[in-house]
Amino acid sequence: MNKAIKKQALGRGLSALLKDTSDIKSADEKGADQVVGKIMEIDINAIEINPFQPRSNFNEEALEELANSIKELGLIQPITVRKISFNKYQLISGERRLRASKKIGLTTIPAYIRLANDDESLTMALVENIQRQDLDPIEVALSYQQLMQELNLTQDEVSVRVGKQRSTVANFIRLLKLDPLVQTGIRDQLITMGHGRALISVDDADAQSELYYQIVKNNLSVRETENLVKAYHEKTLSNKKETTSDKAPKFEIKESIKNNINTYFSTNVDIKLANNGKGKISIPFYSEEDFKRLMKIINVSE
């Protein structure tokens with residue numbers, strides 16, 4: 001089939017699409033079944049971007065290729081929108097297709113129309129993007145986090161909604177604990193999600209960044225990164241033990257001395273000793289008479 005025949009066939013298909021001229025917004029309204037789930041040709045400028053869209057990076061070269069494909073063959077897969085008022089829609093999925101269509105100057109676009117509340121729209125947008133588009137791991141993690149925050153869901157509930165194991169959801173969300181520099185490295189494909197997971201156990205942000213630079217500079221594998229992180233923890237633990245040893249108290253107060261002090265004042269005296277050899281003795285009293293008794297013992301007059 002040559003290009004002219006392809007375009008002609010597509011033209012007949014598009015001409016058969018319905019025009020949405022109704023003001024139906026709810027699935028409970030009369031005639032809603034004539035709108036919901038139908039493919040309709042709608043004004044491209046009447047579509048607003050979904051604020052819940054997790055994708056923030058669009059590869060311009062890939063977008064240009066998609067635009068050329070749509071220009072040559074037409075839009076094969078309609079976008080999905082939510083109707084919010086008369087001739088006004090909110091995008092649920094298909095932002096790349098919408099952007100590409102605008103690039104080539106299309107004024108209308110075929111779309112599946114859904115009538116949904118904000119929660120349903122959020123869920124549909126995030127789930128469809130996670131499952132059908134090439135989101136990077138950080139964008140997927142942000143999508144899961146947004147589902148949890150916006151809909152007050154647990155990780156278990158998110159896993160059910162997106163059809164993933166809970167451990168998978170948890171592993172993505174944990175990536176958001178990484179230093180922003182490392183997150184950017186994952187998004188720019190300088191390192192993988194596996195590298196990021198290995199670095200999560202490094203709590204110190206500066207140390208995490210330094211290890212990240214070593215990984216990128218030496219092009220380390222995930223296994224090599226895990227060994228690098230292991231060596232870091234072993235060195236940190238060793239330094240901590242040495243530091244603790246260096247900070248040992250200058251001297252110790254014998255238990256017999258503590259007992260003698262308690263006996264002398266007839267009360268439980270609190271003795272605290274710092275690592276630098278300094279300390280503090282606290283003598284409690286329980287009444288005015290008890291206070292006066294202590295004053296006589298230490299020979300302090302009013």
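**Notebook: helix α10 and its surroundings**

I started with helix α10, residues 205-218, which has 14 residues. From first C-alpha to last, α10 reaches 20 Å, close to the 20 Å expected at 1.5 Å a residue. I keep in mind that this is a predicted model.

Next I looked up burial. In α10, I found A207, Q208, S209, L211, Y212 and I215 buried.

Then I checked the two ends. At the start of α10, a side-chain oxygen of D204 comes to within 3.2 Å of the backbone nitrogen of D206. Just after α10, N219 takes a positive phi of about 50°.

Packing came next. I paired α10 with helix α8, residues 180-187, and read an angle of about 30° with the axes 9 Å apart. Angles under 35 degrees count as roughly parallel, so I logged α8 and α10 as roughly parallel to each other. From α8, the contact uses L181, V182 and G185; from α10, Q208, S209, Y212 and Y213. I sorted this contact by class and got four nonpolar, three polar and no charged residues. Of the α10 contact residues, I had already listed Q208, S209 and Y212 as buried.

Last, I went through positive phi values in the loops. Q189 is not a glycine, yet has a positive phi of about 65°. I placed Q189 in the loop between α8 and α9 (193-199). Its relative accessibility is 72%, so Q189 counts as exposed. N219 is not a glycine either. I placed N219 in the loop between α10 and α11 (222-246). With a relative accessible area of 67%, N219 is exposed.

Methods
Residues numbered from 1 in each chain as written. Predicted model: local features only at pLDDT ≥ 70, side-chain atom pairs only at ≥ 80, totals over all residues. Heavy atoms only, no water. Helix = DSSP H or I, 4+ residues; strand = E, 2+ residues; numbered from the N terminus. Expected span 1.5 Å × (residues − 1). Buried < 20%, exposed > 50% of the residue type's maximum accessible area, 1.4 Å probe, protein only. Polar contact = N/O pair within 3.5 Å; in protein donor to acceptor, adjacent residues only side chain to side chain. Axes fitted to C-alpha atoms, helices over the stretch in contact; angles between N-to-C directions. Parallel < 35°, antiparallel > 145°, perpendicular 65-115°, else oblique. Contact = heavy atoms within 4.5 Å. Nonpolar A, V, L, I, M, F, W, Y, C, P; charged D, E, K, R; others polar.
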